[in-house]
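Visitor: Could you walk me through this structure, starting with the charged side chains?

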Amino acid sequence: MVCNLHFHAQLLDSASRTREKEANMAAKAGDNPDSLMTLATVFCLRNLRKTMCYQGFRNKLCLRSDIFLPSEICDKLVNTYMELVHTDSNFEPVESFFQLFSDPRSTRLTRVQLREDFVRDRDLEAIRKQDLIELHLTYCNSLSSRSLKTLTCFRETLVSLCLFGCNHIFYRNSSAPLACNEDTEDEEEESPALETDFNFQGFNRLRLLNLGGLPEEVDAETLLKPLKSLTTLDLSNVPLLRTAFLTQWKDRLASLILYNVDLSEELVSTVVELVNLRHLDISRESRRVFKFKMTRKILTSIVQHLVNLVSLDISGHIMLDNCTVPHFEEALGRPSTEPCMSSIYPFQELKRPLQFLGLYDTTLCNVTHIPANKVTGSKNEDQVLNAIEAYTDFRPELAHRAINQLFDIARIQHCNQLLRALQLVIAALKCHKYDKSIQVTGSAALFYLTNTEYRSDQSVKLRREVIQVVLNGMEQYQEVTVQRNCCLTLCNFSIPEELEFQYTRVNQLLLKILEPARQDESIQRIAVHLCNALVCQVDNHHKEAVGKMGFVKTMLNLIQKKLQDRMCDQVMEFSWSALWNITDETPDNCQMFLNCRGMSLFLECLQEFPDKQELHRNMLGLLGNVAEVKALRPQLLTPQFISVFSNLLDSKADGIEVSYNACGVLSHIMFDGPEVWSMKEPQRDTVMDKMWDAIQSWDVSSRRNINYRSFEPILRLLPQNISPVSQHWATWALYNLVSVYPSKYCPLLIKEGGISLLEKVLELESSQPETKDMARKVMEQCENFQEDPMETNNVHEVIYGQRG
């Protein structure tokens with residue numbers, strides 16, 4: 001009964017610890033689980049044929065006849081599909097995906113967001129019968145005027161439409177190559193024809209419209225004239241020759257965005273007539289040249305006339321005159337958002353603080369009292385994060401610069417809003433996968449935001465998101481800076497544990513980086529280090545899979561290049577270390593090493609770099625793995641190789657490691673018996689004598705640079721009478737390990753049945769007295785340990801292989 005109560009108490013204690021651990025994990029940044037809806041959606045999209053669809057005529061994917069999906073599910077399916085296409089390289093796009101939503105009797109779409117060149121005219125045509133309420137098309141440059149005609153199918157239901165960056169949609173056949181006359185070299189290429197028949201006639205329900213980036217050939221006034229009920233209009237980067245047409249919405253328009261529109265007095269006069277505006281954005285990119293200059297008078301006029309404003313963005317403007325309160329006159333005390341205390345004179349006219357104020361790339365963001373709850377700027381972390389958040393979707397040029405400022409904060413100072421910062425950078429990298437500047441600055445920021453200083457505050461889920469976007473960047477860009485930033489960021493993670501969910505992908509990307517004949521030295525060094533760490537302390541299945549990717553050949557190619565350059569650097573040493581790790585207990589990889597001239601490179605390295613101790617240790621450790629494979633040992637049994645191994649028995653390099661590993665190689669070879677020893681020189685007995693001498697010269701208390709997770713390769717040498725010296729080497733190895741690291745290796749030896757094998761050594765007449773004596777000492781050392789039910793794998797690894 002006591003035992004049962006004790007067991008019950010243990011269970012309660014364990015449950016309490018589990019709940020405490022879960023609570024602690026839940027408190028970590030970004031640890032909110034995905035909703036069941038999200039998980040189910042992703043599962044269905046990855047398994048369409050097993051869930052919703054069947055293979056129809058000519059392998060076309062068709063929706064099952066017994067399925068009806070409401071708009072909430074259809075919208076989620078389409079929008080998640082687009083996200084997976086852009087952010088998950090393992091996700092396979094489906095050619096006829098949008099056809100699944102062609103019939104509104106079985107599928108209902110209402111809110112769809114599509115982006116980038118992946119979207120084609122036929123995709124929109126496939127869903128033309130749907131009663132769409134929202135359609136957001138962003139940077140869809142593969143769309144031509146065919147899609148404009150498709151838009152008219154939605155005119156009776158569409159409330160919100162975004163065509164931001166879809167410049168080609170206003171041209172006929174824009175996706176086709178520009179035609180040219182091959183017979184006339186001087187004839188200019190024919191430009192795509194502008195679509196002149198489209199207008200917004202009949203779009204009576206349309207309230208929100210984004211035409212950012214509208215080509216200058218398209219007359220915005222004519223295009224927009226039929227729309228009577230707009231409340232939100234975005235004309236970013238659109239040249240406006242006339243401005244009076246905006247007043248047709250003066251009683252309705254609540255939001256007007258004129259980013260990078262060259263302002264004029266006429267345009268400002270028109271804007272201040274739109275008295276119902278709640279959001280006004282007249283910001284610009286400061287590095288572009290504009291004729292218009294902002295003044296205190298103009299800013300005051302905007303504030304005085306647009307009394308309903310809750311959001312204003314004037315980022316990028318240079319004030320012609322000073323409109324800030326002198327520093328010595330600023331109100332004392334903590335920063336205030338009250339308009340009456342504003343450090344910016346025009347904003348003292350506000351009736352209440354603004355919810356949002358864009359001051360990015362202006363000197364105004366540096367003042368003390370700003371009457372707004374959220375401000376973009378570069379003064380502090382909060383302003384910078386606000387800028388990234390506000391500008392990521394449609395202004396990557398500004399987001400890039402704000403992320404660069406966040407990089408400086410994380411590098412030089414300290415990031416106080418870690419979760420928000422990481423989520424914003426991840427969102428920017430996902431949103432602008434094809435924008436090199438975002439990828440460079442984003443990956444650099446991630447390196448500092450995921451380092452040791454911040455690691456304890458990050459959840460598993462969040463760190464996995466970081467890994468995903470980093471791998472996306474590596475996949476998309478072969479440019480040196482992006483590759484270096486991404487590789488360095490991966491070094492901030494526990495390898496291989498945190499990368500195991502993307503194990504195949506990350507190895508493929510790293511091997512691709514190492515393929516070029518001449519690679520940037522720093523990237524090469526980091527990539528080899530990562531490769532080495534990825535094959536250290538993983539199971540044999542992973543090692544075999546990586547071996548089939550060309551890992552062994554890639555490492556040997558790197559070694560060959562370093563030999564040609566007569567350079568033994570970290571890349572050379574890491575490459576041999578990686579080969580040591582990947583060949584452990586994996587005969588196929590050992591075979592690849594031999595097939596790819598590995599032994600020749602071993603001899604060349606020995607000859608070229610006779611004094612490089614760590615290099616010798618790595619190479620001998622690798623050959624120890626090869627020697628453990630019985631079928632491969634005949635390839636090592638040549639006069640040249642045996643002489644080399646025999647000579648290395650005398651090595652004092654790296655303590656006993658080189659001599660120990662050389663003796664290990666020979667011990668396995670000797671274990672095959674005298675009948676396989678066909679060479680005359682060196683003689684088998686002579687080599688065995690040298691092995692005895694070497695073992696007797698080693699200090700049994702030596703600390704080791706090796707980490708065994710299984711003794712199986714050593715234990716197989718114990719109960720035998722073929723080679724007493726091999727038996728002695730194995731016994732010495734066990735005695736050294738259980739003596740120096742008893743708490744680690746005694747339980748392991750007991751677990752793997754080593755004690756019974758040592759008893760057999762004592763029983764064998766062929767066992768040498770010193771071997772028996774050492775076997776007894778091993779058994780005595782283990783008497784203090786009972787069998788521990790810990791799990792072990794049949795691998796042993798070099799621990800220094802993880803050094804970088």
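This is a predicted model: local features need pLDDT of at least 70, side-chain atom pairs count only at pLDDT 80 or more; totals for chains, interfaces and linings use all residues.

Visitor: How many salt bridges does a search of the whole structure find?

Guide: The search finds 34 salt bridges, where a salt bridge is a side-chain nitrogen of Lys or Arg within 4 Å of a carboxyl oxygen of Asp or Glu.

Visitor: Which residue does R111 pair with, and what does the pair tie together?

Guide: R111 forms a salt bridge with E134, and the closest N and O atoms are 3.3 Å apart. Because R111 lies in strand β3 (residues 111–115) and E134 in strand β4 (residues 134–138), the pair ties together parts that are 23 residues apart in sequence. Helices (H or I, at least four residues) and strands (E, at least two) are DSSP runs, numbered from the N terminus.

Visitor: What about D281, which residue does its side chain meet?

Guide: The side chain of D281 meets that of R395 in a salt bridge, at 2.5 Å from N to O. D281 lies in strand β9 and R395 in the loop between α10 (381–391) and α11 (396–412), so this pair ties together parts that are 114 residues apart in sequence. Both D281 and R395 are buried.

Visitor: Where does R284 lie, and what is the nearest side chain of opposite charge?

Guide: R284 lies in the loop between β9 (279–281) and α9 (296–305). R284 is buried yet has no salt bridge, since the nearest side chain of opposite charge, D262, is 5.4 Å away. A polar atom of the R284 side chain does, however, lie 2.9 Å from the backbone oxygen of F292.

Visitor: Back to pairs: which residue is the partner of E712?

Guide: E712 forms a salt bridge with R716, with the closest N and O atoms 2.7 Å apart. E712 is partly exposed, with a relative accessible area of 31%, and R716 is partly exposed as well, with 28%. Elsewhere, salt bridges that share partners join K374, D382, E389 and R420 into one network.

Visitor: Changing topic, which residues form the negative surface patch?

Guide: The negative patch is formed by E497, E500, D539, E544 and D588. Patches are made of residues with over 30% relative accessible area and no salt bridge, with like charges joined within 9 Å and nonpolar side chains (Val, Leu, Ile, Met, Phe, Trp, Tyr) within 5 Å.

Visitor: Last one: where is L277, and is it buried or exposed?

Guide: L277 is found in the loop between α8 (265–271) and β9, and L277 is buried, with a relative accessible area of 0%. The C-alpha atoms of L277 and S255 are separated by 5.6 Å, with the two residues 22 residues apart along the chain.

Definitions and conventions:
Residues are numbered from 1 along each chain as its sequence is written. Side-chain values use heavy atoms; hydrogens and water are left out. Accessible areas come from the Shrake-Rupley method with a 1.4 Å probe; for residues, only the protein chains shown count as cover. Lys and Arg count as positive and Asp and Glu as negative; His and the chain ends are not counted. The place of a charge is taken as NZ of Lys, CZ of Arg, CG of Asp or CD of Glu. Buried means under 20% relative accessible area, exposed over 50%, partly exposed in between (1.4 Å probe, protein chains only). A polar contact is a pair of N or O atoms within 3.5 Å; within protein, one must be able to donate a hydrogen and the other to accept it, and residues adjacent in sequence count only if both atoms are side-chain atoms.
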